[in-house]
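Subject: Structure handover and notes

Hello,

Please find the structure below, as promised. My notes on it follow.

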Amino acid sequence: MATGRARRVGDNTATRRTLIALAALITALFLFMPLVVIIAEAFAAGWSGYIGNILDDYTLDAIGLTLFVALLTVPITLVFGVFMAWLVTRFQFPGRKLLTALIDIPFAVSPIVAGLLYLLLYGRNGWIGEWLGRYDIQLMFAWPGIVMVTIFVTCPFVARELIPVMQQQGSDEEEAGVVLGASGWQLFRRVTFPNIRWALLYGVILTNARAVGEFGAVSVVSGSIRGQTNTLPLQVELLYQDANVVGAFAAASLLAGIALITLVAKSIVEWRQDRP
Amino acid sequence: MQAEASSISSSAAKRVLPGFGLSLGVSLFFLALVVLLPITGLFIRAAGMGWEAFWFVISDPRVVAAFRVTVLTALAASLFNCVFGVLMAWVLVRYSFPGRRLLDALMDLPFALPTAVAGITLAALFAENGWYGQALARVGIEVAYTPLGIIVAMAFTSVPFVVRTVQPVLEDLPGEDEEAAMSLGASDLTVFRRILLPGLWPAIVTGGGLSFARSLGEYGAVIFIAGNSPYISEVISLMILVRLEEYDFPAASAIAAVVLSASLLLLLAISVWQERSVKRLHGA
Amino acid sequence: MSIEIDAIEKSFRGVSALAGIDLQLPAGQLTALLGPSGSGKTTLLRILAGLEAPDQGRIRLAGRDVTDVPVRERRVGFVFQHYALFRHMNVADNVAFGLSVRPRRYRPSAARIRERVAELLEMVQLGHLADRYPAQLSGGQKQRIALARALAVEPDILLLDEPFGALDARVRKELRRWLRNLHDQLHFTSVFVTHDQEEALELSDQVVVMNQGRVEQIDAPQPLYERPASRFVFDFLGRVNVLEGSLHDGVLTQGKASIHLPAGPRPAGPAQLYLRPHELRLDDQPSQRLSAAAGRGHQSDRCRSPRRAAAGWLGE
């Protein structure tokens, strides 16, 4: 409790209690209750019902595809994010600010629009899609399209986590390393990486959560073909529209579980970063 | 600018830290391929329609209604989040109490939770037979299948934007300003209104702007609770999908081009605003 | 290893930091770059290291033109103002770093590296801290580790950027003495940057006084202090008393006060007399000359220099 500290605005007990109660109430009703609902609905048919729903063939296929997409997306955006952060925080050059602004674009674009962007380009009638079609390569309505669109949507995350951290740390240690004769790779591996470990980890966790949960963009490009191009979020939608509410929430509970792990991971990372 | 240009040509080969060429190459290649190319493609497609066809699509009454519904609901949701966000940031920064960490972590839930999951959950909660839906029905308020439901969904998904933007600013506000005001006899509310709020204002506007931009394009969380009746509770992202399902690619592109331009302009406005307020508060 | 700095110029974003520097620093000497903030001294040091590239001019180390040689290959040791110790490595790994990143062919064996690290830590008297991490060290200890790390690769030149700037006064004095002893033992060429004139005068074999991107004066400490060549140098080094008045016939007058200046050039007009405080003495007997220069032995010697300087500025 705030003893031994100068009194500040809003510190008096009545105000404090009211505000905390209000905040806690709204949060509980608005943010916490949904988690309760997910569990309640998912287990409405008991444990056996839950397991049955999870092990449903199409759901398993959806889980597999979702994991596969994440497995491809995360390393690619990780590598890009690291290069981008290195470029933008360790060098000065004209256009640096513009480049940094460009990373935020996927953040601001509606997922449906994102999906459409790729469909127009790589679909059967798109510029690139048409050319690829001649070689019988189909990207849209197949897993490559899902991966590409997921990369679009998740590419800012790692860079946005790394850039403030690397900017704040400054390049002194790297300069010292260069004077002592380290090569680029040695510098990154032994000097930079240990300093950005936790921010990098959190960026990866965020990217993964977003890659797994992407819905709007994937809706547009996947075609929702059960068993083939259905990701877990799409499966949730399909089950819900089939009026299989319990099944939908069972699948949703897996995604909610990943979300909770993400939140826990963030707390751990923040706690580790605060330690000197 | 001249000195900068000459320093590039003379010292381009002499940068101290290694990896400039490689990281520039990778970043430019990736951004061009993943971000710039598709966006350019859309704008060229939309431009290729010709002005008349473009206008015809955009001015279709159903599309206009969708724009109106989306903008108004996004606005309402962002306003709610501005208030709620400041409240939450205040409570999390100023007070310590058991459960504070949990409350803090929950603020990120909408960010981490897939929108489809949020969608069906909110729909289940606010439907006629849902826990909240039942309670609200007794007071005569209908949420599901109305624009109110859209506002709820948009508000949920963009909670983090205002809270997380205001929190750090609130943490860094100097305590001396408040103490000076209090010592001069101002009441708590006055100090908040005239000393603290002006300092928080840029963060609130930025967070609200981000929240608005996000809500404009929201799809997954909205479609389950909205009811999606044309002219009443159909959002613009759904409108694009509808046109796509009709195989009307030009129409879908036209609408998407408008939405994309709005998002990019908003993004630009927010970053310009941010830079200006940083300059004003901390000097250039 | 001698250092030749030849017509070096450097600007940042249109603002000039170095406006044409020519210096020769002989091998084995400890040179101070002294000046206020903005004088360009750190920029010059970083150019020597290869951490900045000059817009014009050349740098030669022992006769070899290194202007285009990247920093990795220059064989200079650099000690940063805020130490720049690798925070995730312990002290021993920090010191060993330069040796451990050498290409395979030139890399000593792990055992040899350990030996060398132990030697260096002994030299800086911090052998007992080998397993500690930088966050656990005091400022003075961090600085000595940074020095050991720079020396590990046996550089030809040691460059130090305000090495004691971030330390408190007592630690600073101790480290100054210690650095000088180390330099005398190991005989390499060192250049250090400071804005503290006491430090520069106490430590170095020669001082380069810089101001606004130019060299004001280069000299050994004693001659520099006794015969400053410009108003700036006089003012910057040591305390200064300035007496204003008008000079006529060798007498500086202000109102009822007057000073008779010793023999020398006698221009006329408004003038400023610069004196060191210790060159003045209060007397309870009035004197015709009313000045410390009234024939009091070595003090009239001292007064000669400021008088020379005052004469040079009569035009201002």
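Read from the N terminus, the elements of chain A run α-α-α-α-α-α-α-α-α-α-α-α-α-α. In total, chain A has 14 helices and zero strands. Please keep in mind throughout that this is a predicted model.

Chain A

The C-alpha atoms of chain A fill a box of roughly 60 × 55 × 30 Å along the principal axes. Of the 276 residues in chain A, 48% are buried. Among the contacts in chain A with a separation of 6 or more, 74% are between residues 24 or more positions apart.

Chain A is divided into domain 1, residues 9-42, and domain 2, residues 46-274. The centres of these two domains of chain A, taken over C-alpha atoms, are separated by 31 Å. Where they touch, five residues of domain 1 of chain A are in contact with eight residues of domain 2 of chain A. The domain 1 side of that contact in chain A has four nonpolar residues, no polar residues and one charged residue.

Chain B

For chain B the count is 15 helices and zero strands. The C-alpha atoms of chain B fill a box of roughly 60 × 55 × 30 Å, again along the principal axes. Chain B has 284 residues, and 43% of them count as buried. Of the contacts in chain B with a separation of 6 or more, 77% come from residues 24 or more positions apart.

Chain B is also divided, into domain 1 (20-49) and domain 2 (62-282). Between the centres of domain 1 and domain 2 of chain B there are 29 Å, taken over C-alpha atoms. Six residues from domain 1 of chain B and six residues from domain 2 of chain B make up the contact. On the domain 1 side of chain B, the residues that touch domain 2 are five nonpolar, no polar and one charged.

One is helix α9 of chain B, residues 147-157, which is mostly covered, with nine of its 11 residues buried. The buried residues of α9(B) are G149(B), I150(B), I151(B), V152(B), A153(B), M154(B), A155(B), F156(B) and T157(B).

The other is a helix pair. Helix α4 (residues 61-94) of chain B packs against helix α10 (residues 159-172) of chain B at an angle of about 45°, and their axes are 8 Å apart. Because of that angle, α4(B) is oblique to α10(B). The crossing of α4(B) past α10(B) is right-handed. On the α4(B) side the contact is made by N81(B), C82(B), G85(B), V86(B), M88(B), A89(B), W90(B), L92(B) and V93(B), and on the α10(B) side by V159(B), F161(B), V162(B), V163(B), V166(B), Q167(B), L170(B) and E171(B). By class, the contact of α4(B) with α10(B) has 13 nonpolar, three polar and one charged residues.

Chain C

Helix α2 (residues 91-100) of chain C and helix α3 (residues 110-123) of chain C pack at an angle of about 125°, and their axes are 9 Å apart. That angle is why α2(C) counts as oblique to α3(C). Here, too, the handedness is given: α2(C) passes α3(C) in a right-handed crossing. The contact involves A92(C), V95(C), A96(C), L99(C) and S100(C) of α2(C), together with I113(C), R116(C), V117(C), L120(C) and L121(C) of α3(C). The residues of the contact of α2(C) with α3(C) are eight nonpolar, one polar and one charged.

Contacts between chains

Where chain B meets chain A, 78 residues of chain B are in contact with 78 residues of chain A. Helix α2 (residues 20-47) of chain B gives the largest share of the chain B side, 15 residues. The side of chain B that touches chain A divides into 55 nonpolar, 14 polar and nine charged residues.

The contact between chain A and chain C takes 15 residues from chain A and 18 residues from chain C. On the chain A side, the elements that give two or more residues are α10 (172-179) and α11 (184-213) of chain A. Of the elements there, α10(A) gives the most, with six residues. By class, the side of chain A that touches chain C has eight nonpolar, four polar and three charged residues.

Regards

Note on methods:
Residues are numbered from 1 along each chain as its sequence is written. Chains are lettered from A and ligands numbered from 1 in the order in which they are written. This is a predicted model: local features need pLDDT of at least 70, side-chain atom pairs count only at pLDDT 80 or more; totals for chains, interfaces and linings use all residues. Two residues are in contact if their C-beta atoms, placed from the backbone, lie within 7 Å. Helices (H or I, at least four residues) and strands (E, at least two) are DSSP runs, numbered from the N terminus. Ala, Val, Leu, Ile, Met, Phe, Trp, Tyr, Cys and Pro count as nonpolar, Asp, Glu, Lys and Arg as charged, and the others, Gly among them, as polar. A residue is buried if 20 or more other C-beta atoms lie within 10 Å of its own, exposed if 12 or fewer, and partly exposed in between; C-beta atoms are placed from the backbone. Domain bounds come from an automatic or database domain assignment. Axes are lines fitted to C-alpha atoms, for helices over the stretch in contact, and angles run from 0 to 180 degrees between N-to-C directions. Angles under 35 degrees count as roughly parallel, over 145 as roughly antiparallel, 65 to 115 as roughly perpendicular and the rest as oblique. A crossing is left-handed if the near helix is turned anticlockwise from the far one by less than a right angle, and right-handed if clockwise.
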